[in-house]
Amino acid sequence: MDEVEYVRKHNIKYLYHMTAISNLRSILEHGLLSHKEAHRLGLVMMDISDPEVQRRRDDKKDTIYNRFLHNYVPLYFSPRNPMLYRRREIQENIVILGIKPDVIFKANTVFSDGNAASKGTIFYNDVAMLDNLRWNIINALNWSDFPDGRRIKCAEVLVYPKLDVKNIVSILCYSGNQLSTIHETIKYFRAIPRSLTISVQVKPELFF
């Protein structure tokens, strides 16, 4: 089975990155940068991440390339996860970026069987190891029904060192209230090539 077939086998339509809508302009200009680089450059207008989790990630390395997690761009297999649940009160201010799944094949990319900052999480860089992930939990609506579901639901893809804007194929939002802001950002932002097509969709089912 080749790499693309593994992605199809597990029905990975997109990978997902969550961010505040106020960060969209800098993402379209610079692409998706690692947590460390985006903060170093002062590009994060609003950080929706959990400070406690980020402190753990700051000290944690993957076991494949021995890099700190903050040197990667973090993506999820499932966006409707515990991280987004903890930010449900501000989800009107959050957009979910749909990313091409073939970024899994990029050199220096790793993926995990759960939250990358958690103890016991296993890292992989062989696409065939997608078979090792607990897809019944990753794709479930309610992770609390499963032992260790909270960790597993947050399985990640970590892309090093950045992700070009051409890999963003969709912007998904909670309600129509965000549409005008998103469309205006895409329409008038000069750094986006005219050939680049990003769909914008209201997807309340991906939120809480």
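Ala, Val, Leu, Ile, Met, Phe, Trp, Tyr, Cys and Pro count here as nonpolar, Asp, Glu, Lys and Arg as charged, and the others, Gly among them, as polar. On that basis, the lining of the second largest pocket divides into ten nonpolar, four polar and four charged residues. The model is predicted.

**Largest pocket**

- The volume of the largest pocket is about 810 Å³. Its lining consists of 43 residues, and Met18, Ser49, Gln54, Pro74 and Met83 are the closest to the pocket centre.
- By class, the lining of the largest pocket holds 19 nonpolar, 14 polar and ten charged residues.
- At least two lining residues come from each of strand 1 (15–20), strand 2 (32–33) and strand 3 (73–76).

**Second largest pocket**

- The second largest pocket has a volume of about 330 Å³.
- Its lining comprises 18 residues, with Tyr16, Phe77, Ser78, Pro79 and Asn139 nearest the centre.

**Ser49**

- Ser49 sits in the loop that runs between helix 3 and helix 4, and is among the residues closest to the centre of the largest pocket.
- With a relative accessible area of 14%, Ser49 is buried, because the cut-off for buried is under 20%.
- The side chains of Ser49 and Asp47 are joined by a polar contact of 2.5 Å.
- Leaving aside residues up to four places away in sequence, Ser49 touches His35, Gln54, Met83 and Arg87.

**Helix 4**

- At the N-terminal end, Asp50 caps helix 4, with a side-chain oxygen 2.8 Å from the backbone nitrogen of Glu52.
- Val53, Gln54 and Arg57 are the buried residues of helix 4. They lie on the same side of the helix, because they cover an arc of only 100° around its axis.
- Arg55 and Asp59, on the other side of helix 4, are exposed.
- The packing partners of the buried residues of helix 4 are helix 3, strand 3 and strand 7 (156–159).
- Gln54, one of these buried residues, is also among those closest to the centre of the largest pocket and is touched by Ser49.

**Asn11**

- Asn11 belongs to the loop between helix 1 (3–9) and strand 1.
- Asn11 has a relative accessible area of 68% and is therefore exposed, the cut-off being over 50%.
- From C-alpha to C-alpha, Asn11 and Trp135 are 9.9 Å apart in space, while 124 residues apart in sequence.

Notes
Residues numbered from 1 in each chain as written. Predicted model: local features only at pLDDT ≥ 70, side-chain atom pairs only at ≥ 80, totals over all residues. Heavy atoms only, no water. 1 Å grid on protein atoms, 1.4 Å probe; cavity = no way out; pocket = protein on both sides within 12 Å on 5 of 7 lines; lining within 4 Å. Points joined across faces, edges and corners; volume = space filled by probe spheres on them. Helix = DSSP H or I, 4+ residues; strand = E, 2+ residues; numbered from the N terminus. Buried < 20%, exposed > 50% of the residue type's maximum accessible area, 1.4 Å probe, protein only. Polar contact = N/O pair within 3.5 Å; in protein donor to acceptor, adjacent residues only side chain to side chain. Contact = heavy atoms within 4.5 Å. Arc of directions from axis to C-beta.
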